[in-house]
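Please walk through this structure with the model open beside the text.

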Amino acid sequence: MPSSALPLAPLPQERALAILMPTAAFFLSWWQAGRIPGVNISISDVLLSLAAVLALSLGGLNARMFSRFTAIWVTGLTMLLEGMLIGSLAHDDFVRWPVVAGQYTFAMLLVPMVLVSCPHRVLERCANAYILGVASSQVIGITLVNLLERDRITALVNEFVVTGNGRLGAMTGEPNSNGAVCAFALVFLIRGVMTGHLRMPYALALALALIAGLVYSATFTGTFAALLTCAFILGLSRLRTSIAIAVPLALVLAAYVGFGGPVPSVFEERVGDAVLTGDPTRAGTFVGRSALIAEAWQMADDNLLVGLGSDGYRVASPHGMPVHQLYLLVLNEGGLVSILGLCLMALALLLQGQEIARVNRVEGVACLAILGVFFIYTMSLPHMFARLWNAPVMLLFALAWVATRHFHAGAQAAFAPNGEPYR
C-alpha cells in the first residue's frame, strides 16, 4: 500500500480534544461540586473554553450549529440580549447586563459551535460521559445520604448535597436542578440504547441510578418531565424497540418495589400525592411560585416596550426575587423585543429537531424529547444560561445533527451514480 493511502495519525490537538470534551460532558451536571466559588463558572466551562481554543487551532469553529436555521437562532439571541440592554440603559443600571450577556453568549453561541465542530465519535463519547456523570453523582449523593448525617455531609462535601428536609441535590447542588439532569440523562440513555451505543445491562444499571436520583430529589417537575419524555420517545419508536427497553426496566422496578425497596418520605409527601391526585398544588412550593407568576403578569403591562433590564425584576419585585418562569422574566426584563427573540430561539430548535427527524427518526425524536424536558423547566425556573440547563440540549442536537449527516452520507453511498442500489 502506498504511504499516501495510510491513515494519518491524529494531531495532538485532536487527541486533546477527544479527552477534553467527554471530560467536560461528565462534569456538566456537577454544578456545585465543580464550580468556582462565587462565580457562575464551572470546571466544565473551563474545559469547554480550552476545547474552543483547540478547535480554532484545528481549522476553526463551525458557525452553522443549527444548519439552515442558524440565522433564526442568532437573530433570536441578539434580540433577547438587545431588549435587556435597552432596559438596563433606560433604568441606568448597566452593571449586570455584560455578565448576563456573556453567560448567554457562551452558553447559546460558543458551546454549540464547539460541539458541532467535533467528530461524531467524540460526541458519542460525550453523550455516554454525560450519562455516567449524572449517574455517578446520584450514586455518590444517595450513598452519603444513607450513611451520614447532613452536618457530616456538609463538612465533607458541601451544604448542597442534601437539603434540610432531606431532598437530594447531589453534585448538582439543588433538588430541582438535580431532577432536571436526571431527566436529561434518561433521554440520552434511551437514545443510546436505540442507536446501539449503550448495551442493555450497562444501560439498566445507569437507568436505576438515574431513577433513584429522581426519587431522592423529590421533584414533581423532574418526575413529570422524565415520565412524559420517556413515554414520548418510546411511543414514537418501533414496537419491538419500545418493548426491548421498557420491559427490562419495568421488571427491575417491580422487583425493587416488591422486595420493599426504600422510598424517601419526602418523595411521597412532595411528589406522590401530586401524581396520584393529579393536583400540582400539592407539589412542594407550587403555590408560592404561582403567586410570583401572578405578580409578573401584572408587572408586564408596564414593561412591554422597555423592560426592567438584566436582573431588574429582582429589584422591582416586592419579594426581592425573580419570577420562576423564564418567559415572564424575559418579558419583564427585556420587553417584547426579548420575548420575541426567545421565541425565535425556541422555533429554531423545533425546526431543527423536525429536520433531523425527517432523515433519522431516532435522532430527531430524541432531540424533540430533550427539548420537551427543557421547555417544561422553563415554566418553573428563571434565567437558564447555566450550562447544566442548556448544554445537554446543545450536546444532543449537535450529536444528532452530526450523526444524521453520517446517516445521510451512508444512505447516499449505498446507491450507484445512476441512482440504482448497489448489489
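In which helix does L227 lie? L227 lies in α9, residues 220-235. Helices here are DSSP runs of H or I with at least four residues, strands are runs of E with at least two, and both are numbered from the N terminus. This is a predicted model, in which local features need pLDDT of at least 70 and side-chain atom pairs count only at pLDDT 80 or more, while totals for chains, interfaces and linings use all residues. Residues are numbered from 1 along each chain as its sequence is written, and side-chain values use heavy atoms, with hydrogens and water left out.

Stay with L227. It counts as exposed because its relative accessibility is 56%. The classes are buried (under 20% relative accessible area), exposed (over 50%) and partly exposed (in between), with a 1.4 Å probe and protein chains only. L227 and V373 are 146 residues apart in sequence, but their C-alpha atoms are 10.0 Å apart in space.

Two loop residues have a positive phi without being glycine. D92, in the loop between α3 (70-90) and α4, has a phi near 55°. A170, in the loop between α6 (150-156) and α7, has a phi of about 50°. Their surroundings can be compared by accessibility. D92 is exposed, at 74%. A170 is buried, at 1%.

Now look inside. On a 1 Å grid over the protein atoms alone, a cavity is a set of points where a 1.4 Å probe fits but cannot get out; a pocket is an open set with protein on both sides within 12 Å along at least five of seven lines; lining residues have an atom within 4 Å of a point. Grid points are joined across faces, edges and corners, and a volume is the space filled by probe spheres set on the points. Two cavities of 30 Å³ or more are counted this way.

The largest cavity holds about 160 Å³. It is lined by 17 residues, and M108, L326, L342, M345 and F374 are the closest to its centre. Helices α4, α14, α15 (361-378) and α16 each give at least two lining residues. The most come from α14, with six. By class, the lining has 15 nonpolar, two polar and no charged residues. Nonpolar here means Ala, Val, Leu, Ile, Met, Phe, Trp, Tyr, Cys and Pro; charged means Asp, Glu, Lys and Arg; the others, Gly among them, are polar.

The second largest cavity has a volume of about 70 Å³. Its lining includes M21, L28, C126 and L395. Helix α1 (12-26) gives the most, with three residues. Ten of the lining residues are nonpolar, one is polar and none is charged.

Turn to the second largest pocket, with about 830 Å³ of space. Of its 31 lining residues, N40, P382, H383, A386 and W389 are the closest to the centre. Helix α4 gives the most, with four residues. This lining divides into 15 nonpolar, 10 polar and six charged residues.

Finish on the surface. I86, L304, L305, V306, L336 and L340 form a nonpolar patch with about 530 Å² of accessible area together. V306 sits in the loop between α12 (286-300) and α13 (312-316). V306 is partly exposed, at 36%. Patch residues have over 30% relative accessible area and no salt bridge; like charges are joined within 9 Å, and nonpolar side chains (Val, Leu, Ile, Met, Phe, Trp, Tyr) within 5 Å. A salt bridge is a side-chain nitrogen of Lys or Arg within 4 Å of a carboxyl oxygen of Asp or Glu. Accessible areas use the Shrake-Rupley method with a 1.4 Å probe, and for residues only the protein chains shown count as cover.
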